[in-house]
Amino acid sequence: MFMSAFVLLSSINMLAQETLTVSGIVTSSDDGLPMPGVNVLIQGSRNGTITNMDGKYVISAAPNDALVFSFIGYKTETVAIGGRTNIDFLMSQDLEQLDEVVVMGYGQQETKTISGSVATVKSDDLNQNTPTSALEGMQGRLAGVSITSNGGPGSTPDIKIRGTSTLNSGTGPLYVVDGQQMDDIGHINPEDIATMSVLKDGASAAIYGSKSANGVIIITTKEGKAGNTKVNVNFVQGFNHLASKIPVSNTRQARIFAQARRGRDFADLPADSLSTLYNQDYDYQEMISRVGTRQQVNLSLSGGSDDAKFYWNTGFMNQDGVIVNSYQQRLNTTLNLNFKVGNWLKSGVRVVGSYNESNGLATGAVFGQISTHYPYLPVQDADGTFVPQTSSQQNILAEALFTEKRRRTYRGQMFTYGEIQFLPSLTFKSTLGVNLNLRRNNDFNPTIVQKVGQAPSGNEVTQLNVSLQQENFITWTQNFGNHHITAMAGMQVQTWNNEYAKFESRTFNNDILSTFNNVEELILGPKNTRTTATAHALVSQYGRLQYNFKEKYSLTATVRRDGSSRFGKNNKYGVFPGVSVAWRLGDETFMEPLKPVVSNLKLRAGVSQNGNERIPDFESKTLYSPGFLYNGQNGISISQLGNQDLLWETTQQAFVGADFGFMQDKITVNVDYYEKVTSDLLYSIPLPAETGFTSIRSNIGEIKNSGIEFNISANIINKKKFKWRSSFNIATNVNEVVKLAEKDGEIIQGEYIIREGGAIGDFYGFTANGVFQYDESNAFDPDGNQLTPIFDENGNFSNYELNGQEYSGEINQLKYNNNVLKGGDVHWKDHNGDFKITADDDRTVLGNGFADFYGGFFNEFKYKGITLSILFDYNFGNDIYKRYDQVRNQRMVGTVVPGPERIENAWFEQGDVAKYPTLQSSRAKVNNIPGINSYWISQADFIKLRSVRIDYRLPKKLMDRVGFISNLSFNASALNLFTWTNFDGYNPELGTNGNALKPGLDNLRYPLSREYIIGVKANF
């Protein structure tokens, strides 16, 4: 009887276990949203289910069973049921798994089989410092990628990948956005970007052929996910102010200069306490600056089903700069649609529309005059009327307030694709892209900023660029046991059509209308009022083969053949191959004992040939243009000499690299060494004047870049409640001009020299060895050793000494333009020893505008719902030529005030030990030699606290109570908080401003600002 009862109870218990029903909701730890499609399995069995559109699941299990939750990109975790009937689960992202696939050209590749040098930035890191553009978000994050700002709202940062490989034929990378190729991404909203992959090595980039010499950046934008429609809102409010001011002279110093330049003793300068003029000290920098603001808002909707997904985001940004009348406004919208028809057809379309408007400054007129203006001259009368021209300079405040430099850009993009899967291993993809870019630039200079009596002036420029891209490629993937092969081949056609129109006038009737129906006449000429139209086409064939064995040994080979209309019939086509290999040494059997410490070790290497065809259209052809007058009649004449023998500019690249993982990849290290040799450099060489032409495009030489890149990342602490990850990167670059087909192997461009054995960006000028203390200090023996003058107790010159011994030999004196240098004059270095300072013999390299090494340091701390992120970046080894300092400190004219250091540390009388020469205008000719000199070269090393940001996400339990909001977070950040530097200008971070051959040239551009930001994100 007892045994029967026991069997009956056991049967009831077993039956109860079999019929237990467990349900719950699965959400993402990333955004707190429900996750559809999550696999929920009973551990140790094949029984399971998946979550529905709302992230809900229902499953039958025994009380002692365990549930296994898994989803691609998230950690697979097991939870014991323990008799519960409701189990809600939070899925955590698996960072290692997310890194397994990287977007490459025309496809994807697993990280462990990649054989090239590829770096990736994901959306969260990209937007960590709340950037206004995608390039700003990349600053300091990737080894070997240098990004420097050009200042001011709407300006485009400079980007260089592994150095500068060309002279003036385009130095920026190629951008590929969801498959569409373009030259700039300034219109793209950073919030739309999912990942940015930088193909740094030539072998990875060679699939893009003639556009890949400067690297390739592949951008993948966000897409919708299957499930309920999600609504995301992001709002940012920023406040910024001038981070620093340049030193300028005050009224006392300006009066000292006014006396000293005439040779008068400033000690006798009366105080004149009753002078209304001389008791004023205006801070012009304070007058034109303000507290700037920034508002950014994004609204996105995404969702769909497994067969149709959508993502739509619209963003608006309004940014007022720290200088009055400077601003940027950007409105853009992005729509991504992706469809799936069965298992054989995929298609999609990406549509982008954007409008960008900015207003800048006449930086030379504003900042240049700030540095030189007399500080006691008012800008407004007592009644508020703006004062016109004073001291031969325009009104600074009026220049900033009323000068118009309006830039408007309308962008429209459409990119569509269709992909057919003929076989499980064979797919065909066809794409079509259209890119329209309309720019309108309006400049207007009203009467108040003109010289007295001069009419208002202005110009209007319209540029229309339309490009088409169509390509077709087929991909075959197959596994043969441990052998994996992927082959791809395709063809592409691209066309560009460009139209340009400019109208210019210096005779506007009044200040009321700045449009061209208010002008008396237009200025005619090839550089003034004109219209042009150009076209360009590129046809390409390409292919790639990827092979790996056991995912341990990898080989990638690519080749592309491009034909460009920019080259003559003799060299229209170029072929660009690339090969890279990788060996996962860490997977070898003999490495097993080191696995607890060295969890990963991969060696990489590659060689390639990449091209550059970025020269203006038609430069291989001889052109005829109108606008030439013959006896008063307009006619047509040759305007450009063509060169049918132009060759493709090609870059031979080679690299070796290693990837390390330590302690289960908690620490990862990447090291690369590269060499790039660019030959057949495209450059416009000068022609003799008797030809009637100034220059002709030719292939003239060879440049070499080499460097080392190092990156280390670590998940230092990875607890459930507290996480700390950190990364540090550093890169070096050495640039060398190997060969130039020019006279004497050098090209001098103003303050710069390009010569064999030198580097791009070398400053070229005179060297100052100080200031002669006495007239008698200008004395040298025949070998160039400076003699020491000896004076008696009455201050009269007695004799010379050399090395402490009386000297009675031959005495030589330095001369400039046959003028003997005296006390208070600069002791210029005489390089050739002839005691004559000349431009041909006594100039030398004074420094270089490119950095020797640069990088960044990032830390992120997470505690529960709080995230703190800190980003530093740095730059060392480069110099800045302060041209503005030279302009104000060397002219010695009554209309320009030198800087305060120049006045306070000038030579005034015999015997003065001074840093700078005399202020007397009579000595200006010998102290102010034409061109650059070492006085105005400054080190530009800096360490910058780029951003500090703290985020707080409200607890999920609280959000569950609200119901309609799945995630709500707040953030506060500071940008450009501190800059540690010895540079005394506005900003040591100085872009090339469109001229890659002239880095570090400071004419006082838009100043650096410090910004404080608050923001909120909400997910519905």
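Mentor: The model is predicted, so local features need pLDDT of at least 70 and side-chain atom pairs count only at pLDDT 80 or more, while totals for chains, interfaces and linings use all residues. Residues are numbered from 1 along each chain as its sequence is written, and side-chain values use heavy atoms, with hydrogens and water left out.

Trainee: Why is Phe-516 called partly exposed?

Mentor: Buried means under 20% relative accessible area, exposed means over 50%, and partly exposed is in between, with a 1.4 Å probe and protein chains only. Phe-516 has a relative accessible area of 21%, so it counts as partly exposed. Phe-516 is in the loop between β25 (483-505) and β26.

Trainee: What makes a residue a contact of Phe-516?

Mentor: Contact means heavy atoms within 4.5 Å. Leaving aside neighbours within four places in sequence, Phe-516 is in contact with residues including Gly-458, Asn-459, Phe-503 and Leu-522. By contrast, the C-alpha atoms of Phe-516 and Ser-608 are separated by 52 Å, and these two residues are 92 residues apart along the chain.

Trainee: What makes the phi of Lys-550 worth a remark?

Mentor: Most residues other than glycine have a negative phi. Lys-550 is not a glycine, yet its phi is positive, about 60°. Lys-550 lies in the loop between β26 (530-549) and β27 (553-564), and at 46% relative accessibility it counts as partly exposed.

Trainee: Which other residues have a positive phi?

Mentor: Gln-664 is one of them, with a phi near 55°. Gln-664 sits in the loop between β32 (649-662) and β33 (667-679). Its relative accessibility is 55%, so Gln-664 counts as exposed.

Trainee: What makes α6 largely enclosed?

Mentor: In α6, 9 of the 10 residues are buried, so this helix is largely enclosed by the rest of the structure. The buried residues include Ala-254, Ile-256 and Phe-257. What covers them includes α11 (900-904).

Trainee: Why is a set of residues called a nonpolar core?

Mentor: The name is used because the members are buried Ala, Val, Leu, Ile, Met, Phe, Trp, Tyr and Cys residues joined through side-chain atoms within 4.5 Å. The largest such core has 35 residues, and those with the most contacts inside it include Ile-288, Phe-367 and Tyr-374. Helices α6 (251-260), α7 (284-288), α8 (363-372) and α9 (396-402) each supply at least two residues of this core. A second, separate core has 26 residues, including Tyr-816 and Trp-907. Not counting residues up to four places away in sequence, Tyr-374 touches Ala-254 and Phe-257, among others.

Trainee: How do you know that β29 pairs with β28 and β32?

Mentor: Two strands pair if DSSP finds at least two bridges between them. Strand β28 (residues 573-583) and β29 are antiparallel over 6 bridges, and 14 bridges join β29 to β32, also antiparallel. Val-579 has Val-607 in β29 as its bridge partner, and Gln-609 stands opposite Gln-652 in β32. In β29 (residues 598-612), 12 of the 15 residues are buried, so the strand is largely enclosed by the rest of the structure.

Trainee: Why are β53 and β56 called edge strands?

Mentor: They belong to an open sheet of 3 strands in the order β53-β52-β56, with mixed pairing. Strands β53 (937-939) and β56 (1001-1002) each pair on one side only. Strand β52 (residues 879-882) is joined to β53 by 3 bridges and runs antiparallel to it. The bridge partner of Asp-879 in β53 is Gln-939.

Note on methods: Helices (H or I, at least four residues) and strands (E, at least two) are DSSP runs, numbered from the N terminus.
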